[in-house]
Amino acid sequence: NDNIIAKNYFRCDNKNSVSWENCEMKLFESPNSEVKNNNERQINVFNSLMITLPVSSLIFPTLLNFAKSLPPNSSEQLAVVTALFVSNRVYLYMLSATIVGLAAMRGSGDSPQLGQRITDLTEELLYRPSFEREKDDDYKSDKPAVIKNIKDSGLKESLDQVSNEAQAVVLPILVSILLALSMFSIPFWNKITGVNLTDETNPIFDIQELISKILPQISQVWYAFLLALFTRSEVRRLNNEFGVMDYALVDWTVAIGVTCLAFFYKVWVAQNFVNMALAILVARAIQLGNFPAIVGALTLLTIYDVSSVFLIPAANAWAMVADSQSSSMIADASPAASAMGSVAIQKLTSGNFQPGLLVTKIGNQLGGSLGLGDAVFPSLLSTFVRRFDMDQGGDDRVSLFAVSIAGYLIGCFACEFAPLISTSGLPALIFIIPSMLGAVLVASFVSGELAELWEFDPNVQK
């Protein structure tokens, strides 16, 4: 750090209006103020997107009404309709890029240790901890009882011992289990087509009918409560980073209002906000601490994404039909031909709001959708390179974080040129992950930082 110190002293020595005492104080407050200012600018950009994107959705009904007012099939109407659909897709990808960006900006400030990070995020979700954890002595000495119990149980230490390689393997397995559970729940949300659920000779179907009536109500209450917590956490972060009043009443009022709009009034803009709040915090939780593990995890997740679309059949591809003597399996003409497609369609067509998809609408019609996983999983890479940027410092190098975001957007737009795959869905990660990894690898190679990136350990920062 001698070069940084010498450079800063040289700058101070040439500023006649700044006293040497103030210069020394400024120097030792931060070894590189340019990096800090750049970080603040970056997070302000993504915070602004988080706020302005919901408001900018008002352009869609305006363009739609304008298109309807033009002569049918005219060149003017075609131009407006084209602008409407293009802006709708761009809007969807900007939503997901905002998740990736904010998850990286916030996640790079979290503990690189899994146990400590999970403990901190749990506290952030359930309570209102100080954002200056390391400097707040009162905060250190006065922990909530739940957090103290987590620490006393030894869970934090156990999680801290889990290797990055183990986490990289477990993550795709966990995601696969969650997909299986989602597929399993579909018949209870929607009755199996062609099956008489009131057939007294098939009591299992009577149980299914009962569960299909109770499950949506129970899950809605649970989802609403859980997402209100995630939304409150994100609202508080935004208030703090924008310098707005940090009061619990303000956080909860906004969070409950947005959550109610999402669940009870089905406002798709509010649904996107709570989905984004959920995705950002989840992405902060599942970070990995070395580059090879991230490459391995992203490769496995991409394989999972492709398999869930092309190889695993839909949950309702087969329906069990029982007769008086035997049971047989018959094909069900489902609109979704894949596991991922069936889960997505179930979420989109359900009468109740189910988190998991970012959506855009044109009038009352669906304009597009994107799974939260297509933003959460790429955040593994963007968060890691963000940490690497912070460790490297300096304002005269290419930001690998900015490169990763550019690669993410390129991958998203590449999805638009993929062949249509009917309703099976599109494995977006097959475009996004290679684009992000390729961009980061090329940029780090050109800058001569590839070896450092490969060996970088967030636990041993400069």
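N290 caps the N-terminal end of helix α14, with a side-chain oxygen 2.8 Å from the backbone nitrogen of A293; a polar contact is a pair of N or O atoms within 3.5 Å, where within protein one must be able to donate a hydrogen and the other to accept it, and residues adjacent in sequence count only if both atoms are side-chain atoms. The model is predicted: local features need pLDDT of at least 70 and side-chain atom pairs count only at pLDDT 80 or more, while totals for chains, interfaces and linings use all residues. Residues are numbered from 1 along each chain as its sequence is written, and side-chain values use heavy atoms, with hydrogens and water left out.

- Helix α14 covers residues 291-310; helices (H or I, at least four residues) and strands (E, at least two) are DSSP runs, numbered from the N terminus.
- The 20 residues of α14 reach 29 Å from first C-alpha to last, close to the 28 Å expected at 1.5 Å a residue, where the expected span is 1.5 Å times one less than the number of residues.
- Buried residues of α14 include F291, A293, L301 and V309; buried means under 20% relative accessible area, exposed over 50%, and partly exposed in between (1.4 Å probe, protein chains only).
- The end C-alpha atoms of α13 are 26 Å apart, which agrees with the 26 Å that its 18 residues should span at 1.5 Å a residue.
- Because 17 of its 18 residues are buried, α13 is largely enclosed by the rest of the structure.

**The cavity**

- The structure holds one cavity of 30 Å³ or more; on a 1 Å grid over the protein atoms alone, a cavity is a set of points where a 1.4 Å probe fits but cannot get out, and lining residues have an atom within 4 Å of a point.
- The largest cavity has about 40 Å³ of space, a volume being the space filled by probe spheres set on the points, which are joined across faces, edges and corners.
- Elements giving two or more residues to its lining are α11 (203-241) and α13 (268-285).
- Among the lining residues are R106, E124, F230 and R284.

**Strands β3 and β4**

- Five of the six residues of β3 (residues 357-362) are buried.
- Strands β3 and β4 (residues 365-371) run antiparallel and are joined by six bridges; two strands pair if DSSP finds at least two bridges between them.
- The hairpin of β3 and β4 has two residues between the strands, and G363 in the turn has a positive phi of about 70°.

Notes: On a 1 Å grid over the protein atoms alone, a cavity is a set of points where a 1.4 Å probe fits but cannot get out, and a pocket is an open set with protein on both sides within 12 Å along at least five of seven lines; lining residues have an atom within 4 Å of a point.
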